[in-house]
Amino acid sequence: MILPYVCFMFFCGIIPIAYGILEVRNPSWVNMDGGYETFLKVLQDFRVGPALINVFFIIIIFVPLMAITVLSISLLLDATELRGNALMRLLFLIPALIPTGVAVLFWVSVVGPDVVWDHSNIRWFIGSIAFSTGIGSWIVIQYGSLRSIPPEVLEAGIIDGCNRFQLAIRLKLPMISRYVAYMVILLIVSALQIFNEPNLLMFTNMTTDWSLSQIAFSYAFKAADFAGSSALSIMILIPNIILALLFVFFTDFIKKSKNS
Amino acid sequence: MKPVKQDRNSSLIKITLWFMAFLTSIPFLWLIKDAGRMIFAPIIYYDNGIFFVWLKNTSIFVGSALLISVLTCVTAGFVMAVLNVPFRRFLLFSTLVTMLIPITAMAMPLYVLIDRIHLNNTLLGLILASSYFPFGAFLSYLYYSSVLPQELIGMGRIDGLTDFGIYRHLGIPLSKSLISIVTFFSFVGLWNSYQLPRVLLIDPSRSVMSIGIEVFYGQGTTLIGIMMLIPSVLLYLASQKTIARGIFSGAMKG
């Protein structure tokens, strides 16, 4: 019964990575001799340094901002009986349902061409689009996780004299901590892989090869260099896999499964 | 949770929330305002009506990948939560790890693989590459861990039910709300997916709406934007009660 799922797990996860590692050995434009030196050669690409700075900028500025905003809104939604709660959640979600292509156009027209064509603003601009389109789904998920807390736990907190703020900080946040960790990790890896926003802004000629994923894309499609593309993609995956493993080992889902 | 008392903090919370909801609604309001000025003609007649090809491709791609992903991950969640299959912990472990690797991260390795098996530039290649949805399997695992007690499964076994019989008679009838929520998250991911179709469907005549939208910059993007928004909103409305009840209920108990 589980076989089709396992097949997709292998087809979409394990096999492409394994194949990608083998692909790196092939001689290519970036490393004519072939071999695993390709990993080092792509790191020496002059575009990688600036792209790393761009990606780290999004991770340092926008990831914490998104996490704090999502948690604040979810906790506020959960803190009070609100008429129109469902409508409000829909309003928060809608920006996440708008296709990235439309969101980019919206932001271009909001800030005006002067801002978009200014080099110094482009990181803030891309970060804002990622923020605008990124928080909606997480608000829905974190609200869902807050609603999953058993009412008796919260009632016990109220009997102990917790006010709403204390309930949120001392009870609700610790109880949903694993979902907060899940969100933060996915926000970090999504920033690491950022592609859509800079790629849709390519008409400004300032976001060509802006992110690491775009460079991997360029290797494959502009230089027909699959080895270089695979090498860079696999290197971006390494921190991702490390974070995922840390998450699994530091949460108790596997333990719960064993107990059950 | 029901608040103990209504006080001025409640009003403050409500005002803050409505203000933030207004701020986040600005893109949507802009879409509505702009859509009034838009006409269908440039979209319909562009490149001999290629819009309809994209619409058809999107329907085939989203419909097929959604069906495959929901079926496989609901079943997988049931198996991991209820049945004693070999490598059960390994499967759960792999699901949790891959749940944290966005499909976009796999775009280039998948492209190389799909290219080698000659499915590049085909909808089949895109459907196969997009049908793995570990978050849905994880939600299903939590759901079935919570709603199907071991005693009930034991009674089913006494009645002579096989693994598939338990799934058919106990798992599927309980899956309505689970399917609605998994369908919603899977649909939104597929419907708005950009990077994977961008990489796997280079030929414009085989493209999908989320990519095709680029050519309409300034002459109809907003109209397509609203059209693309409607199915996601309807699906959300269908599944939001389940979300409001708590999507991770199973994990918080015990």
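Select Asp209(A) to begin, in what is a predicted model, and look at how much of this residue is covered: its relative accessible area is 16%, and because the cut-off for burial is under 20%, Asp209(A) counts as buried. The residue sits in the loop that runs between helix H11 (196-200) and helix H12 (212-221) of chain A.

Is His118(B) buried or exposed? With a relative accessible area of 69%, His118(B) is exposed, whereas Asp209(A) is buried. His118(B) is found in the loop between helix H5 (107-116) and helix H6 (123-130) of chain B.

Return to chain A and select helix H7, residues 122-147, within which Gln142(A) has its place. The relative accessibility of Gln142(A) is 0%, so this residue counts as buried. Which residues does Gln142(A) touch, once its neighbours within four places in sequence are left aside? Show Val70(A), Leu71(A) and Ser74(A), and then Ile176(A), Tyr179(A), Val180(A) and Met183(A), each of which is in contact with Gln142(A).

Now colour chain A by secondary structure, and you will see 14 helices and 0 strands. Its C-alpha atoms fill a box of roughly 70 × 55 × 30 Å along the principal axes, and buried residues make up 60% of its 260 residues. Of the contacts in chain A with a separation of 6 or more, 71% are between residues 24 or more positions apart. The accessible surface of this chain comes to about 10,700 Å², with 68% of it belonging to carbon and sulfur atoms.

Buried residues make up 57% of the 254 residues in chain B, and the chain exposes about 11,100 Å², of which carbon and sulfur atoms supply 66%.

Next, show the charged side chains of each chain in turn. Chain A has 15 positive and 15 negative side chains, and the centres of these two sets lie 9 Å apart. In chain B there are 18 positive and 9 negative side chains, with the centres of the sets 10 Å apart.

Finally, select the interface, where 97 residues of chain A are in contact with 105 residues of chain B. The area buried between the two chains is about 9,300 Å², and carbon and sulfur atoms give 77% of it. Highlight Met1(A), Tyr5(A) and Leu97(A), which supply 9% of the area that chain A buries against chain B, more than any other three residues. How many salt bridges are found across this interface? There is 1 salt bridge between chain A and chain B; to view a salt bridge, select Glu23(A) and Arg116(B), whose side chains meet at 3.0 Å, N to O.

Conventions:
Residues numbered from 1 in each chain as written. Chains lettered and ligands numbered in written order. Predicted model: local features only at pLDDT ≥ 70, side-chain atom pairs only at ≥ 80, totals over all residues. Heavy atoms only, no water. Helix = DSSP H or I, 4+ residues; strand = E, 2+ residues; numbered from the N terminus. Buried < 20%, exposed > 50% of the residue type's maximum accessible area, 1.4 Å probe, protein only. Contact = heavy atoms within 4.5 Å. Areas by Shrake-Rupley, 256 points an atom, 1.4 Å probe, with all protein chains shown as cover. Lys, Arg positive; Asp, Glu negative; His and termini not counted. Charge placed at Lys NZ, Arg CZ, Asp CG, Glu CD. Buried area = accessible area lost by both parts, 1.4 Å probe. Salt bridge = Lys/Arg side-chain N within 4 Å of Asp/Glu carboxyl O.
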